[in-house]
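Subject: Structure handover and findings

Hello,

My notes on it follow below.

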Amino acid sequence: MGEVDPAFIQDPQHRPNLSTIIQVEGIPIIDLSPITNHKLSDPSSIKGLVKEIGSACKEWGFFQVTNHGVPLSLRQNIEKASRKFFAQSLEEKKKVSRAETSPSGYYDTEHTKNVRDWKEVFDFQAEDPTLVPVTYDEHDDRVTHWTNQSPQYPPNFRDIIQEYLQEMEKLSYKLLELIALSLGLEAKRFEEFFIKDQTSYIRLNHYPPCPYPHLALGVGRHKDPGALTILAQDEVGGLEVKRKADQEWVRVKPTPDAYIINVGDIIQVWSNDLYESVEHRVMVNSEKERFSIPFFFFPAHYTEVKPLEELTNEENPSKYRPYNWGKFLVHRKSSNFKKQSEENIQIYHYKIA
Ligand SMILES: O=C(O)CCC(=O)C(=O)O
Ligand SMILES: [Fe+2]
């Protein structure tokens with residue numbers, strides 16, 4: 001075994017503590033049957049559910065959902081396709097490599113907070129093409145588009161992903177309705193930001209076994225920048241969430257066929273900090289490989305993200321300056337691409353002191 005590449009080594013304070021893994025049941029598990037069995041138009045039947053969602057968003061920023069309505073067969077299809085794709089040679093995978101001008105496709109050198117992640121990914125945009133700004137320069141109005149790559153193998157890869165994507169979108173809209181109701185807003189309050197030109201994407205993650213699980217991470221600590229993330233993790237486990245109550249890292253126990261949902265930075269801003277986007281990271285394992293599939297629900301690039309008028313007033317003024325989502329996204333993507341000297345863009349850069 002050779003020396004570990006220093007690019008993967010976390011600073012001592014961010015290294016995982018392998019001796020005290022806190023695996024908790026604590027992350028709320030929420031049964032979505034009230035909305036998968038009924039129409040969401042009857043708010044009285046879902047009052048309890050809305051309350052549960054609200055408490056989970058406030059106390060954890062993370063929860064799991066069951067009876068979510070996503071057919072298990074579609075999840076199994078995409079999981080199988082993902083395994084087949086990553087089992088190919090590096091040379092094959094690199095035929096669909098991501099490029100700086102169109103960051104969909106295969107990629108194995110992502111950095112989070114300037115440390116390389118022990119993983120490989122395949123990204124696929126929900127809209128093809130996805131409209132985005134050319135640069136993050138605020139004076140540059142040019143718009144370009146990102147397009148997806150289609151690997152030759154496994155067969156029907158694109159169809160399998162697209163079928164699954166439709167289910168992720170459906171579930172995202174339902175969850176956003178519940179979140180809106182939990183904030184005392186109209187159920188469809190957030191829909192307008194996504195219905196046209198959303199910039200959402202799905203990511204296939206593969207975390208190979210890692211001989212240095214005490215030094216490296218599958219994904220370094222971070223917060224998700226979008227509105228919502230819907231994550232399918234396999235039975236290996238490794239996702240850790242920073243518990244709001246005491247700032248301890250706790251492991252999210254895999255629950256078969258459940259999805260892990262987390263509130264992203266955009267909901268934090270819309271809700272003017274009522275709901276916070278919570279830090280999380282992924283530990284690697286010296287024996288087992290792990291697969292996961294997050295879906296990142298992102299609005300149209302021209303969305304101006306700012307605290308909602310309904311949730312701000314004189315006593316509770318806006319805590320953020322408005323920012324343009326597309327510019328934020330493009331800035332983020334550029335910094336994932338390579339190690340940089342400065343920290344990448346974060347919502348606290350827009351915080352009103
Ligand atoms: O693989 C996981 O469990 C989570 C991955 C993640 O947090 C991300 O890709 O943003
Ligand atoms: Fe994440």
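A residue counts as buried if 20 or more other C-beta atoms lie within 10 Å of its own, as exposed if 12 or fewer do, and as partly exposed in between, with C-beta atoms placed from the backbone. Leucine 178 has 26 C-beta neighbours inside 10 Å, so leucine 178 is buried.

Some ground rules. This is a predicted model: local features need pLDDT of at least 70, side-chain atom pairs count only at pLDDT 80 or more, and totals for chains, interfaces and linings use all residues. Residues are numbered from 1 along each chain as its sequence is written, while chains are lettered from A and ligands numbered from 1 in the order in which they are written.

**Leucine 178 and the helix pair**

Leucine 178 sits in helix α5. Helices (H or I, at least four residues) and strands (E, at least two) are DSSP runs, numbered from the N terminus. Setting aside residues up to four places away in sequence, leucine 178 touches Leu49, Val50 and Ile53. Contact here means that two C-beta atoms, placed from the backbone, lie within 7 Å. Glycine 54 is 124 residues from leucine 178 along the chain, yet their C-alpha atoms are separated by 8.3 Å.

Those contacts belong to a helix pair. Leu49, Val50, Ile53, Gly54 and Cys57 in α2 meet Leu178, Ile179, Leu181 and Ser182 in α5. The residues of this contact split into seven nonpolar, two polar and no charged. Ala, Val, Leu, Ile, Met, Phe, Trp, Tyr, Cys and Pro count as nonpolar, Asp, Glu, Lys and Arg as charged, and the others, Gly among them, as polar.

Two packed helices are described by the angle between their axes and the distance between the axes. For α2 (residues 47-59) and α5, the axes come within 8 Å and cross at roughly 85°. Therefore α2 is roughly perpendicular to α5. That label covers 65 to 115 degrees; angles under 35 count as roughly parallel, over 145 as roughly antiparallel, and the rest as oblique. Axes are lines fitted to C-alpha atoms, for helices over the stretch in contact, and angles run from 0 to 180 degrees between N-to-C directions.

**The core**

The largest nonpolar core holds 85 residues. Such a core is a set of buried Ala, Val, Leu, Ile, Met, Phe, Trp, Tyr and Cys residues joined through C-beta atoms within 7 Å. Phe63, Ile179, Ile202, Leu228, Ile230, Tyr259 and Ile261 touch the most other members. Helix α5 (residues 157-182) gives the largest share of this core, 12 residues. Beyond four places in sequence, isoleucine 179 is in contact with Ile53, Cys57 and Ile267.

**Ligand 1**

What surrounds ligand 1? The shell is Arg203, Asn205, Val219, Asp224, Leu231, Gln233, Leu239, His280, Val282, Ser292 and Pro294. A residue is near a molecule if its C-beta atom, placed from the backbone, lies within 6 Å of it. By class, that gives five nonpolar, four polar and two charged residues. Strands β10 (201-207), β12 (228-233), β16 (280-282) and β17 (290-297) each supply at least two residues of the shell.

Valine 250 and leucine 239 are 11 residues apart in sequence and 8.3 Å apart in space, C-alpha to C-alpha. Valine 250 is buried, with 21 other C-beta atoms within 10 Å.

**Backbone points to check**

Most residues other than glycine have a negative phi, and most peptide bonds are trans. These go the other way:

- A cis peptide bond joins aspartate 128 and proline 129, with omega about 5°. Proline 129 is in the loop between β7 (120-125) and β8 (130-133).
- Tyrosine 153 and proline 154 are also joined by a cis peptide bond, with omega about -5°. Proline 154 is in the loop between β9 (143-146) and α5.
- Asparagine 67 has a positive phi, near 50°. It is in the loop between β3 (62-66) and α3 (72-86).
- Aspartate 273 has a positive phi, near 80°. It is in the loop between α6 (265-270) and β16.

Leaving aside neighbours within four places in sequence, threonine 147 is in contact with Ser102, Ser104, Asp128 and Pro129. Threonine 147 lies in the loop between β9 and α5.

Best regards
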